[in-house]
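Subject: Structure handover

Hello,

Please find the structure below. My notes on it follow.

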Amino acid sequence: MMAEKSSIKKYLRGMKFPFCAGCGLFGIVDSFLRAVQELGYKNFKKFVFCSGIGCSSWIPSPFFLADSIHTLHGRSIPVATGIKLRRPDLNVVVFGGDGDLMGIGLGHFMHAARRNLDILVVMSNNMIYGMTGGQVAPTTPFGAITTTTPYGNFEQPFDAASLAVAAGATFSARWTTAHLKELKKTIKIALGLNGFRFIEVVSHCPTGFGRKRGLKTPQEFVDWVRDNAISIGEARKIGKNKQKNKIVIGEFIRKPRLTLIENIYAITREAQKLGKEN
Ligand SMILES: Cc1ncc(C[n+]2csc(CCOP(=O)(O)OP(=O)(O)O)c2C)c(N)n1
Ligand code: SF4
């Protein structure tokens, strides 16, 4: 009974996740639930989860024993915005894929960061569109073979964790599914902060991407991710040119500022005060 109570199973409905065997998304689920447990939340009553469409968008909904909403592809952040403005007391957490958040939903992502909407966004970056069959995505490495780039990708990928910083996120970090302890720690930090917080998780997708890269097993993919990761400190030392094909991991920014809701109240109050004086 005691063991059951302390288990992360209490956050789940007990339904089977629809991920392929060996998928990196299992590690993201596990890290998130362990972080929530270590922060002392007994249940998800203080949380609402939003997701779009894609393998990674299945993380919360309907599997978490929580209020959650599966929105349209790319539209999780607008729905999260509505929820947060109506219920600022709740922790609003968005889960999504790199296609969902860096492709069709990129505009919403950038504006939510700019506005400093008080939400946490956890993005699984499997470097392709997983659920639809492994097509090239805005995060696919240059030259990589995917189902729609049989000769190699012609385009440069987005650096999502840096985009979040440029747009105004108060917190941005990147880890991988080979760094689950660090990921859990970062989720705990991010859940304790305010403002637009972003965590990118480079995630292994053995089905959609691993096979195309010649990585025959999930473990080979995890090893490849680990071997190609460098810390943000090291990356800054060696400079951009030498970072080619490396996965830069760590905390990119932690810089609190007033959130959208705090600014709405502060500016409205100030205007009302001035109105009275006039
Ligand atoms: C408006 C719209 N366009 C396209 C699709 C088809 N579609 C479903 S999931 C998906 C991509 C999923 O990739 P990603 O967001 O990276 O998530 P993953 O499956 O890799 O976790 C696409 C293009 C859709 N459902 N709706
Ligand atoms: S296609 Fe890739 S991301 Fe989707 S469930 Fe399978 S292994 Fe995971």
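A residue is taken as near a molecule if one of its heavy atoms lies within 4 Å of it. By that rule, the residues around ligand 2 are F19, C20, C23, C55, N126, G130, C205, P206 and T207. This shell divides into 6 nonpolar, 3 polar and no charged residues (Ala, Val, Leu, Ile, Met, Phe, Trp, Tyr, Cys and Pro count as nonpolar, Asp, Glu, Lys and Arg as charged, the others, Gly among them, as polar).

This is a predicted model, in which local features need pLDDT of at least 70 and side-chain atom pairs count only at pLDDT 80 or more, while totals for chains, interfaces and linings use all residues. Residues are numbered from 1 along each chain as its sequence is written, chains are lettered from A and ligands numbered from 1 in the order written, and side-chain values use heavy atoms, without hydrogens and water.

Helix 2 covers residues 25–38 (helices are DSSP runs of H or I, at least four residues, and strands runs of E, at least two, numbered from the N terminus). In helix 2, L25, G27, I28, V29, S31, F32, L33, A35 and V36 are buried (under 20% relative accessible area, 1.4 Å probe, protein chains only). Their cover includes strand 1 (47–51), strand 4 (120–125) and helix 7 (180–191). Just after helix 2, G40 takes a positive phi of about 90°.

N116 lies in the loop between helix 5 (106–115) and strand 4. N116 counts as buried because its relative accessibility is 0%. Leaving aside residues up to four places away in sequence, N116 touches T170, G195, F196, R257, L258, T259 and L260 (contact means heavy atoms within 4.5 Å).

Regards

Notes. Expected span 1.5 Å × (residues − 1). Buried < 20%, exposed > 50% of the residue type's maximum accessible area, 1.4 Å probe, protein only.
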